[in-house]
Amino acid sequence: MEAEISEIFESIQGEGILVGVRQLFIRFRRCNLSCSYCDTKTSLECFDQINNRILKNPISKEYVQRLIERSTVHSVSLTGGEPLLYADFIRQLKSPVPLYLESNMTLPDAARKVKRCVHYVAGDFKLSAAINNWGEIKEKTIETFKVLKNTRKRMTFAKIVVPEKFSFDEVLWISEQIGDYVCSIVLQPVFGAKNLKELMELQKRIEHDVRVVPQVHKYLGVM
Ligand code: SF4
């Protein structure tokens, strides 16, 4: 089993409710969306920072497995791109530490394949301004949150990236749709947006655990 991976490295988690924990990051190549604010760099080759090696894609499951087994981290972040494009690969990984899935939550069938092996889910809910065909995407997102919902064995939270100008009603609607499936909703301002007052107002109005968390790694200047 192989997967296309663009980077493997250790760093701290810079987003969401586990911000600051040390993780091994497996950054998968390619994504099924093209969001307006996407800052993910893609390269044809894989840079394994742990061993300071550049590898040709695809990368074998055994190679990734060895890195996971040698690492001493809080958890392994499966990020991208969109990691659910490699659900069959992920399903075969055996990890001594929890697997932390960072997903755009638009691939419900792939989510079904990994629902028993991921321990944390940091799931995006895109706002309509970020993507085309939002009407179709939003239904798939709700379905994916339902598949990977928060349970006693899996912590699932939602992340909504909020630009400076946004619709309150849209965020309130999203929160109602997924509130039952997540432990928390994270409002993440687009880097540089000056919308803290509005986000705090939303935090008050959404009847759920809501946290306002910026992309901390950008302020620290780390990956
Ligand atoms: S889902 Fe993430 S990786 Fe994919 S286009 Fe959007 S921001 Fe980029």
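A: Of the contacts in the chain that link residues at least 6 apart in sequence, 70% join residues at least 24 apart, a contact being two residues whose C-beta atoms, placed from the backbone, lie within 7 Å. The model is predicted, so local features need pLDDT of at least 70 and side-chain atom pairs count only at pLDDT 80 or more, while totals for chains, interfaces and linings use all residues. Residues are numbered from 1 along each chain as its sequence is written.

The chain holds seven helices and 12 strands (DSSP runs numbered from the N terminus, H or I of at least four residues for helices and E of at least two for strands). Its radius of gyration, taken over C-alpha atoms, is 17 Å, close to the 17 Å that the globule rule (2.2 Å times the number of residues to the power 0.38) gives for 223 residues, so the chain is as compact as a globular protein of that length. Along its principal axes, the C-alpha trace spans about 45 × 35 × 30 Å.

Of the 223 residues, 37% are buried, with 20 or more other C-beta atoms within 10 Å of their own. Leaving out residues up to four places away in sequence, A158 touches G123, F125, F145, I178, V182, I185 and V186.

Technical notes:
Buried ≥ 20, exposed ≤ 12 C-beta atoms within 10 Å, placed from the backbone.
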